[in-house]
Amino acid sequence: MAEILRNLKKDIRVEFRNPSALGTAISFACIITLAVSIVSAGIPFPPMIQAILLWIILFFSAMNALLHIFTREEEEHTALFLRLKISAESIYISKLIFNAAFFFFIEAVVCPVFIFFAGSSVKNPLLFVSTVIGGGLAIVSASTILSAMAAKAGGKGTLFTVISFPLLLPALLVSISTTAVSIESQDFIEYNNVFFLFAFSAAIIAISLLLFKYIWIEE
Amino acid sequence: MKIGRLVYIFMPAAILSAFLLAPKAEILGDSSRVIYFHVPLAMVSVISFVYAGIISLVYLLRGGALLPEKARNSAGIGIVCTALTALTGSLWAKMAWGSYWNWDPRETSIIILLLIYTAYLSLYASLENNTNRGKICSAYLILTMAVMPFFVFVIPRVYHSLHPDTIINSEGVIKIETSMRAVLLISAAAFVLLYIYLMDIKNRLLNIEKVKHE
């Protein structure tokens with residue numbers, strides 16, 4: 001636990017020493033949101049199209065924002081010291097927590113901006129928020145281990161997107177359909193889908209925890 | 001592997017029986033003969049994926065020389081079979097349903113499998129100079145295998161199926177005419193044998209390359 005907190009504190013300190021990654025990620029997400037809104041020219045989209053656009057924006061924002069956590073360790077050659085000082089499991093958990101906080105912050109900025117510019121009126125705010133949190137957690141849970149893999153391959157952003165998409169597809173499909181329901185009605189049946197998103201995240205985190213040492217520890 | 005050489009008997013038998021022995025389907029006519037290639041190709045696509053995943057799991061648990069390369073070979077055959085499954089399926093879909101692509105659950109599954117293969121092979125190629133390549137790629141395949149059950153439960157909830165349940169159904173019974181079933185089984189055996197034969201050739205080449213490097 002102490003190792004996790006120490007590494008998390010280190011990551012936060014490094015992030016705020018040079019907050020360009022956070023700034024770029026937020027700017028990127030806002031630019032896509034505005035681009036979509038400008039193209040629509042004020043014409044309101046149907047709920048399903050709104051949900052699809054929102055999750056495309058969130059997915060690409062995640063692909064842009066979540067890679068640097070491991071790439072930075074490889075580029076600054078600090079990965080070796082981390083490997084020696086902290087266990088692989090602790091590193092994975094601390095990076096997961098950091099990525100979750102980072103991405104939830106991005107979601108907290110993107111969602112209100114999207115709702116404001118797209119002219120959406122969310123009928124079921126509780127379902128909407130829980131879907132955004134559940135979907136975000138699913139994206140973070142898969143992205144964390146995949147960003148470690150992509151960092152080992154030289155930190156290529158395109159590779160990160162290519163390897164992430166097939167894994168995230170079930171979570172994205174469920175998030176899109178549930179978000180569409182939350183925008184158009186007050187249907188409470190769809191809460192099963194939110195449970196699915198949390199179950200998906202839990203499964204991915206459990207498997208990632210077992211697999212991470214094989215990726216992190218070099219021969 | 002000698003069993004693989006049976007492909008020289010089974011493959012011509014499968015092709016000839018698909019065109020000469022199997023009767024036309026009632027509504028679809030001659031276009032139904034695609035089934036004798038489409039279904040076995042889809043089977044081999046999944047077999048390649050599962051085999052690559054199992055090899056990867058064994059490699060992570062016990063280690064073993066050339067296992068990641070063998071998983072990569074299986075994925076290489078798998079991606080070709082998956083692309084051919086999508087191609088034969090879309091041609092058949094055009095004849096049967098009027099359009100090449102309909103986002104049917106099975107079509108979606110095969111595209112996801114194609115994406116997984118593409119991603120895995122891209123990752124494998126990107127890690128060329130990394131000594132940990134085998135372990136990283138094995139971990140990726142195991143992770144994708146773990147996500148597969150979610151597709152099985154999720155996609156049928158999102159999309160409605162146009163595929164008939166003649167071959168894959170809840171009763172586990174093939175609901176087609178006996179002669180068609182026989183041809184389908186011959187064809188399935190031929191394609192599985194072709195997979196075994198190609199894997200054998202690729203693995204032998206791998207061993208030759210290893211000896212050459214040593």
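Read from the N terminus, chain B runs α-α-α-α-α-α. That is six helices and zero strands, where helices (H or I, at least four residues) and strands (E, at least two) are DSSP runs numbered from the N terminus. This is a predicted model, in which local features need pLDDT of at least 70, side-chain atom pairs count only at pLDDT 80 or more, and totals for chains, interfaces and linings use all residues. Residues are numbered from 1 along each chain as its sequence is written, chains are lettered from A and ligands numbered from 1 in the order in which they are written, and side-chain values use heavy atoms, with hydrogens and water left out.

**Stop 1: chain B as a whole**

Select chain B and show its surface. The accessible surface comes to about 11,100 Å², and 67% of it belongs to carbon and sulfur atoms; the areas come from the Shrake-Rupley method with a 1.4 Å probe, and for residues only the protein chains shown count as cover. Of the 214 residues in chain B, 45% are buried (buried is under 20% relative accessible area, exposed over 50%, partly exposed in between, with a 1.4 Å probe and protein chains only).

**Stop 2: rings in chain B**

Next, select F19(B) and F37(B). They form a tilted aromatic pair, 6.0 Å centre to centre with 35 degrees between the planes. Rings of Phe, Tyr and Trp (its six-membered ring) pair if their centres lie within 6.5 Å; planes under 30 degrees apart are stacked, over 60 edge-to-face and the rest tilted. F19(B) is in helix α1 (residues 7-21) of chain B and F37(B) in helix α2 (residues 35-62), 18 residues apart. F19(B) is partly exposed at 49% relative accessibility, whereas F37(B) is buried at 17%.

Then go to Y124(B): the charged end of R133(B) sits over its ring, 4.0 Å from the centre. Here NZ of Lys or CZ of Arg must be within 6 Å of the ring centre and within 35 degrees of the ring normal.

**Stop 3: chain A**

Select F70(A), Y92(A), F212(A) and W216(A), which form one aromatic cluster. K95(A) lies over the face of F70(A), 5.6 Å from the ring centre.

Now show helix α6 (residues 88-118) of chain A and pick N99(A) within it. N99(A) is buried, with a relative accessible area of 0%. Leaving aside neighbours within four places in sequence, N99(A) is in contact (heavy atoms within 4.5 Å) with L66(A), I69(A), V140(A) and T144(A).

Finish at G119(A), which follows α6(A) and has a positive phi, near 70 degrees.
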